[in-house]
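Work through the exercises below with the sequence and the 3D structure in view. Each task is followed by a solution in steps.

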Amino acid sequence: MAWKDKKFLVAGAGKSGVGAVNLLLQAGASVALTDGNKELDQDAFYKKIHQEKKIPLILGELTKEQAQDYDLLVLSPGISVNAPVAQLFFDQGKPVWSEIELAYHAGKGKIAAITGTNGKTTTTALTGEILKGYYESTFVVGNIGTPYTSVALDTKEDSRIVAEISSFQLETIVDFCPDVCAVLNITPDHLDRHGTVEVYAKTKESIGKNQKPGQVMVLNYEDDTTREMAQRAKGDVVFFSLHHKAKDGAFLENNVFKISKNGEVTDICTMDDVNLLGDHNYENILAAIAVSYYMGVPAEYIKEGIKRFKGVAHRIEYVDTVNGVAYYNDSKGTNPDAAIKGIKAMNRPTFLIGGGYDKKSTYDEWIDAFDGKVKELILMGVTAPKIAETAKAHGFDKIVFVDSMEEAVSYAAKQAQDGDAVLLSPACASWGMFPNYEVRGDIFKDCVKKLKEL
């Protein structure tokens, strides 16, 4: 890493920005941080920094003259490539890196990178569980919660890194090249950032743009958009499919999960070995099988990892049963397609809590997926009127508006009867009301816990 002669500027004082700053400091680089928040708590920020070093801070708007002092910008994923801070560097012909790009240049080992609209977290966590059972040095990083930058310097040549990668992180990759990558599916999401589904899909596809033959790109055969990516793939294409047998890939046949390589089929496990329910989760398992197998994990270790895996928090997570009512936390259902999977997994009459930040999504298919299961729709956030209007247009008018999660859970608890379910599956991002979907889900779980204290 020839970084000691370069001056880095990190944009964004959140978790990703802090991780980037700390990596650069430990690597001996010169680094400063810029953040648009003029009121940033500087003391709290410095406490998160390596050895509490008082690096230069530029708060508020970055000027052209200030940008000229730095050689390279590291952009936190929450900041768009169209933001003024990024454009200043582009205009000066200077590199703009994502945190993923920075970690890639600093780290060692082989990388499995997973993206897609839905299922990323479950697939990444499951793949990580499988690899941990076989490789001594395994790191699970990225959008799943642990910044890649925070562990990059701990990786070794024999390490295996499993990374969940968002479209925001992919916008500014340059050399990033995973040994195995996967695009799970594409449905409209983050259109407020990317503008069109086509741009969004192209950004997702770029996860494999630097691959070479011998490296592997895992794609969903059942998704038209990802299947077409095979025509442009730089690496070797491996499919996973619920309904088709692949020559090279993972598939489900007679309730047995299988992997095929050069036409030779190996059984991995059966339905009895898995702890996840629903077709969307079976696809996640197939993707994890394909990624793990092509990362060099033998079939028997893949099976054991699948058997150990219990799922992830905030994704159709069973919370508790109170007075005969089952509560489920699907806070990670941050778009309509993910929320459709949440409601489809319910096997009881359901009180559904939804709404949140407006990512310019449409909700028609989500409403249609209610399919007689939803007794009432409890809405909050800025999207509440839009969702309500869509629901009424589809003939569903059992709608209640609330101002908080506490009010939503309290209302649902009073109305639900023994045998019903209450599902938090918002179909929207958390921003505006909550810092992230994890906090939203945790508050929901706390509200359920308090019901038992009444």
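## Exercise 1: Cavities

Task: find how many cavities of 30 Å³ or more there are, and describe the lining of the largest cavity.

Solution. The count comes to 1 cavity of 30 Å³ or more. Here a 1 Å grid is laid over the protein atoms alone; a cavity is a set of points where a 1.4 Å probe fits but cannot get out, and lining residues have an atom within 4 Å of a point. Grid points are joined across faces, edges and corners, and a volume is the space filled by probe spheres set on the points. The model is predicted: local features need pLDDT of at least 70 and side-chain atom pairs pLDDT 80 or more, while totals for chains, interfaces and linings use all residues. Residues are numbered from 1 along each chain as its sequence is written, and side-chain values use heavy atoms, with hydrogens and water left out.

Next, the volume of the largest cavity is about 30 Å³. Its lining consists of Leu 75, Ser 76, Pro 77, Ile 79, Val 81, Phe 168, Glu 171, Thr 172 and Arg 193. Sorted by class, these are 5 nonpolar, 2 polar and 2 charged residues. In this sorting Ala, Val, Leu, Ile, Met, Phe, Trp, Tyr, Cys and Pro count as nonpolar, Asp, Glu, Lys and Arg as charged, and the others, Gly among them, as polar.

## Exercise 2: A pocket

Task: state which residues lie nearest the centre of the second largest pocket and which element gives the largest share of its lining.

Solution. A pocket is an open set of grid points with protein on both sides within 12 Å along at least five of seven lines. The second largest pocket has a volume of about 1100 Å³. It is lined by 41 residues, and His 280, Arg 315, Ile 316, Ile 340 and Lys 341 lie nearest its centre. Two or more lining residues come from each of α11 (279–294), β15 (317–322), α13 (336–344) and α14 (364–368). Helices (H or I, at least four residues) and strands (E, at least two) are DSSP runs, numbered from the N terminus. The largest share, 5 residues, belongs to α13. By class the lining has 14 nonpolar, 14 polar and 13 charged residues.

## Exercise 3: Helix α5

Task: decide whether helix α5 is mostly covered or mostly open, and name what its buried residues pack against.

Solution. Buried means under 20% relative accessible area, exposed over 50%, and partly exposed in between (1.4 Å probe, protein chains only). In α5 (residues 99–106), 6 of the 8 residues are buried, so the helix is mostly covered. They are Glu 99, Ile 100, Glu 101, Leu 102, Ala 103 and Ala 106. These residues pack against β1 (7–11), α1 (15–26), β4 (72–75), β5 (96–98) and α7 (167–170).

Methods: Contact = heavy atoms within 4.5 Å.
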